[in-house]
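Q: I have a structure on the screen and I am new to this. Can you show me how to read its features one at a time?

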Amino acid sequence: MVSFKELGLVNTREMFAKAIKGGYAIPAFNFNNMEQLQAIIKAAAETKSPVILQVSKGARNYANQTLLRYMAQGAVEYAKELGWEHPQICLHLDHGDSFELCKSCVDFGFSSVMIDASSLPYEENIALTKKVVDYAHQFDVTVEAELGVLAGVEDEVASEVSHYTKPEEVVDFATRTGCDSLAISIGTSHGAYKFTPEQCTRDPKTGRLVPPPLAFDVLDAVMEKLPGFPIVLHGSSSVPQEYVDMINKYGGKLPDAVGIPEEQLRKAAKSAVCKINIDSDSRLAFTAAVRKVFAEKPAEFDPRKYCGPARDLMTELYKHKIINVLGSDGKAE
Ligand SMILES: [Zn+2]
């Protein structure tokens, strides 16, 4: 058993309280390799932004749990070396699907875990979430839970609304589980294809797809029921068209990839939404930069020569999100 505190990490409690008060959101960036981690830490250190390093079950298997623990500890030390005096870095499990996985992460030094039992019936979601909360809180590890299904608007129109979080459930759920934050479903969605072309309109000028707006009425209703409670948005990549274009230009094939417009996320960040998850955007930046090198310099075979530019482009992306979308810069001196 290793405590996150020994690794120099922090949980989300204080970051979220400050973010809600201050009208900004904390970035939660997924990572699974060294270059992504370097880019996240560099961006956070240079902007003095609290940051959540997010690891999914798959990423944890990919990177190895023991290595991850030391990478997180290394990230804190690297941040200090970059001149960030008091780094506020959280290591968070994204979409934990069982008590055992959450427990294992708590035991391995994570400072925060998500238990996603949102696909289970309501009472089972409560029971499993409470079990994780009871374990994690013994070690001061914070817990994110989820209500509502994030399939977004992928399915038939008729079932759209029932996928959204039901505001009438949130008080009962938060009270009975004791969770520290709640991921809700208001129309965001995972991946680089968040909406089908049929769900979008097309901008006549650019020919680009314009996605349907987020359900801010659901968010407002949730905030009214749970004033000041930390809300989380998953699936909040914007799928920057410049990266999609770059990928397609250099041999890739991502037709009609579409994400959440940044102005909607900016609006959400000012509310009780205090954690915004971004994964696909950094995958796109990484892939775009690597493809460019491969296309322009086919003789190149030193991974540093293509992972390096990928790291630079991701750093730029993370800083842009922190400063221009989430507003978390300068919040952790
Ligand atoms: Zn998610």
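This is a predicted model: local features need pLDDT of at least 70, side-chain atom pairs count only at pLDDT 80 or more; totals for chains, interfaces and linings use all residues.

Q: Which strand pairs with S5, and in what sense?

A: To read pairing, look for bridges. S4 and S5 are joined by 4 bridges in the parallel sense. One of the residue pairs is Val113 with its bridge partner Val143 in S5. Now step across to the other neighbour. S3 and S4 also run parallel, with 3 bridges. There, Leu93 has Val113 of S4 as its bridge partner.

Q: What do the paired strands build?

A: Follow the pairing from strand to strand. The order is S1-S2-S3-S4-S5-S6-S9-S10, and these 8 strands form a closed barrel with parallel pairing. Neighbouring strands in this sheet are turned against each other by 25 degrees on average, direction ignored.

Q: Which strands does helix H4 touch?

A: Helix H4, residues 65–81, packs on the sheet and touches S2 (51–56) and S3. Its direction makes about 145 degrees with that of S3.

Q: How do H2 and H4 pack?

A: For two helices, read the angle, the distance and the handedness. H2 covers residues 34–47, and its axis lies 10 Å from that of H4, at an angle of about 35 degrees. Their crossing is right-handed. On the H2 side the contact is made by Leu37, Ile41, Ala44 and Ala45. On the H4 side it is made by Met71, Ala75, Tyr78 and Ala79.

Q: Why can residues a few places apart in a helix point the same way?

A: An α-helix has 3.6 residues a turn, so residues three or four places apart point the same way. Now take helix H5, residues 99–107. Its buried residues include Cys102, Cys105 and Val106. They cover an arc of only 100 degrees around the axis, which puts them on the same side of H5.

Q: What covers the buried residues of H5?

A: The cover includes strand S3 (89–96), strand S4 (112–115) and helix H6 (122–137). Look just past the helix too: Gly109 takes a positive phi of about 105 degrees there.

Q: Where does Ala25 lie?

A: Ala25 lies in the loop between helix H1 (13–22) and strand S1 (26–30).

Q: Is Ala25 buried or exposed?

A: Count the neighbours. Ala25 has 32 C-beta neighbours inside 10 Å, so it counts as buried. Leaving out residues up to four places away in sequence, the residues it touches include Ala19, Ala269, Ile276 and Leu326.

Q: How many helices and strands does the whole protein have?

A: It has 13 helices and 10 strands. Buried residues make up 49% of the 333 residues. Among contacts with a separation of 6 or more, 75% join residues 24 or more positions apart.

Q: What radius of gyration does the protein have, and what would a compact globule have?

A: A compact globule of 333 residues would have a radius of gyration near 20 Å; the protein has 19 Å, which agrees. Its C-alpha atoms fill a box of roughly 60 × 50 × 35 Å along the principal axes.

Terms used:
Residues are numbered from 1 along each chain as its sequence is written. The radius of gyration is taken over C-alpha atoms; the globule rule is 2.2 Å times the number of residues to the power 0.38. A residue is buried if 20 or more other C-beta atoms lie within 10 Å of its own, exposed if 12 or fewer, and partly exposed in between; C-beta atoms are placed from the backbone. Two residues are in contact if their C-beta atoms, placed from the backbone, lie within 7 Å. The arc is that of the directions from the helix axis to the C-beta atoms. Two strands pair if DSSP finds at least two bridges between them. Axes are lines fitted to C-alpha atoms, for helices over the stretch in contact, and angles run from 0 to 180 degrees between N-to-C directions. A crossing is left-handed if the near helix is turned anticlockwise from the far one by less than a right angle, and right-handed if clockwise.
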